[in-house]
Amino acid sequence: MSEREKLPFEKAEYNIRKFVESVDMLQTLLQLFPVLESAEGLPKEEKEIIHEVIDKSLIMLSKSIARKGQKWN
């Protein structure tokens, strides 16, 4: 059984959802910069925790990009 073609509003909804996902990822990346900068004056242990959180965030973003068939560089 073949899948029916999506109606224009269904296509628009899909495109909007994908756009919002991309904007969310970009917003997450933008929020990591101030966090990284704020770690400068912290003790070593706290810096390591912040760096670990940032590393895990970047890994999650990279996996999300890979799931979409794109490449993280």
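Axes are lines fitted to C-alpha atoms, for helices over the stretch in contact, and the angles between N-to-C directions run from 0 to 180 degrees. In this predicted model, helix α1 spans residues 8-38 and helix α2 spans residues 44-67. Their axes come within 11 Å and cross at roughly 165°. Because angles over 145 degrees count as roughly antiparallel, α1 is roughly antiparallel to α2. The crossing in which α1 passes α2 is left-handed.

The residues of the contact between α1 and α2 divide into 10 nonpolar, four polar and no charged. On the α1 side, the contact is made by Met 25, Thr 28, Leu 29, Leu 32, Val 35 and Leu 36. On the α2 side, the residues met are Ile 50, His 51, Ile 54, Ser 57, Leu 58, Leu 61, Ser 64 and Ile 65.

Helix α2 has 24 residues. From its first C-alpha to its last, α2 reaches 34 Å, close to the 34 Å expected at 1.5 Å a residue. The buried residues of α2 are Ile 50, Ile 54, Ser 57, Leu 61, Ser 64 and Ile 65, and these buried residues pack against α1. Just after α2, a positive phi of about 85° is found at Gly 69.

Two further positions in α1 were examined for accessibility and for their separation from a second residue. Leu 30 lies in helix α1 and has a relative accessibility of 46%. Leu 30 therefore counts as partly exposed, the class between buried, under 20%, and exposed, over 50%. Between Leu 30 and Glu 5 there are 37 Å in space, C-alpha to C-alpha, with the two residues 25 apart in sequence.

Asn 15 is likewise part of helix α1. Its relative accessibility is 48%, so Asn 15 counts as partly exposed. Asn 15 and Lys 56 are separated by 41 residues in sequence and by 28 Å in space, C-alpha to C-alpha.

Note on methods
Residues numbered from 1 in each chain as written. Predicted model: local features only at pLDDT ≥ 70, side-chain atom pairs only at ≥ 80, totals over all residues. Heavy atoms only, no water. Helix = DSSP H or I, 4+ residues; strand = E, 2+ residues; numbered from the N terminus. Parallel < 35°, antiparallel > 145°, perpendicular 65-115°, else oblique. Left-handed = near helix turned anticlockwise from the far one by under 90°. Contact = heavy atoms within 4.5 Å. Nonpolar A, V, L, I, M, F, W, Y, C, P; charged D, E, K, R; others polar. Expected span 1.5 Å × (residues − 1). Buried < 20%, exposed > 50% of the residue type's maximum accessible area, 1.4 Å probe, protein only.
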